[in-house]
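Visitor: I would like to learn how to read cores, pockets and contacts in a model. Please take them one at a time.

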Amino acid sequence: MSYDILESDFNKKLSTAYQLSILIGMDSLVYFAFDTNNNEAQLLRSIPYTVPPANEAFSLTDELKKIFAREELLGYLFRRVKITMPDVQPVLVPARLYNEYEKTTYFTELMSDAKPEGIHNDEVEELALQILYPTDAALMAVLKKQFPTAKFYNNATPFLLGCRKTANEERTHNLFAHFTQNSVYISLFEKKNLVFSNSFKYQTAGDVLYYILLTYNQHNLDPAQQPLNLSGRILNNAEIYKTLYRYIGELKFAPFPNFLQFSRKFNDVPPHFFFDLYSLALCK
């Protein structure tokens with residue numbers, strides 16, 4: 001699905017009052033802006049990547065250069081620019097155990113050639129976490145050239161902050177599953193405290209069901225009683241949703257976040273689709 005929403009009161013001369021949030025996906029780039037004075041959404045646009053000929057490899061850096069060259073709005077001066085990097089599996093380290101000089105050791109089981117300069121970390125004070133993940137030097141160079149003042153984040157960072165912010169405080173536990181093109185991010189909160197978080201690559205609906213039911217089982221939660229909050233790239237006619245529906249008593253799509261305001265122009269956008277993009281507003 002492609003979206004192109006621009007509010008009538010969007011003023012490029014006032015862009016310095018807006019935050020620009022960018023989600024760099026594996027098949028598209030999506031950007032969103034809101035007025036930091038009143039938290040009103042101003043624009044949302046998704047741009048599918050061009051599929052190269054069969055005999056050519058896809059280059060994300062080249063594709064982004066083309067998008068930046070033709071997207072006038074991305075050339076404006078914004079108050080803040082926040083960008084989620086392409087989907088990579090992070091390592092979560094409790095802040096009390098984190099050592100800035102031992103970044104590569106956290107990736108011993110995931111990568112054999114990790115270099116300190118290629119490891120980025122997001123400090124999440126609200127959860128007392130450091131979220132570490134590898135970055136691509138060429139991609140970072142392209143992004144920093146276009147957005148010199150931008151801050152960068154792993155997908156897990158806005159997702160977890162959004163979960164914490166929107167958790168139902170009347171429940172002891174809140175369980176979340178967020179879908180990107182190839183991964184599912186699962187988190188469990190006990191009130192405002194993060195109990196579990198992990199991301200898993202999947203290929204089939206059965207894979208997703210396994211990881212989610214495993215989370216229920218490991219934390220002694222009853223799928224018939226504990227709702228599952230869904231966000232990201234999933235619809236209620238998808239095979240994944242239909243499979244989960246057979247085993248879990250209540251599936252709930254994330255609503256539009258209450259820390260932002262949306263006009264009726266956004267009515268055709270499923271609120272849960274861009275949960276992580278909207279939640280960049282919470283990242284420091």
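Guide: Start with the core. F32, L44, F266, V269, F274, L277 and Y278 touch the most other members of the largest nonpolar core, which has 35 residues. A nonpolar core is a set of buried Ala, Val, Leu, Ile, Met, Phe, Trp, Tyr and Cys residues joined through side-chain atoms within 4.5 Å; buried means under 20% relative accessible area, exposed over 50%, and partly exposed in between, with a 1.4 Å probe and protein chains only.

Visitor: What should I know about the model and its numbering?

Guide: This is a predicted model, in which local features need pLDDT of at least 70 and side-chain atom pairs count only at pLDDT 80 or more, while totals for chains, interfaces and linings use all residues. Residues are numbered from 1 along each chain as its sequence is written, and side-chain values use heavy atoms, with hydrogens and water left out.

Visitor: What does L44 touch?

Guide: Contact means heavy atoms within 4.5 Å. Not counting residues up to four places away in sequence, L44 touches residues including Y3, I5, V30, F266 and F274.

Visitor: Why is K165 called partly exposed?

Guide: Its relative accessibility is 45%, so K165 counts as partly exposed. K165 lies in helix 3 (residues 156-166). Leaving aside neighbours within four places in sequence, K165 is in contact with K192, F259 and L282.

Visitor: How is a pocket found?

Guide: Rolling a probe the size of a water molecule over the atoms shows where empty space is left. On a 1 Å grid over the protein atoms alone, a pocket is an open set of points where a 1.4 Å probe fits, with protein on both sides within 12 Å along at least five of seven lines; lining residues have an atom within 4 Å of a point. The largest pocket holds about 450 Å³ of space. Its lining has 24 residues, and D27, S28, V30, R233 and F274 are the closest to its centre.

Visitor: What is the volume of the second largest pocket?

Guide: The second largest pocket has about 290 Å³, a volume being the space filled by probe spheres set on the points, which are joined across faces, edges and corners. Strand 10 supplies the largest share of its lining, 4 residues.

Technical notes: Helices (H or I, at least four residues) and strands (E, at least two) are DSSP runs, numbered from the N terminus.
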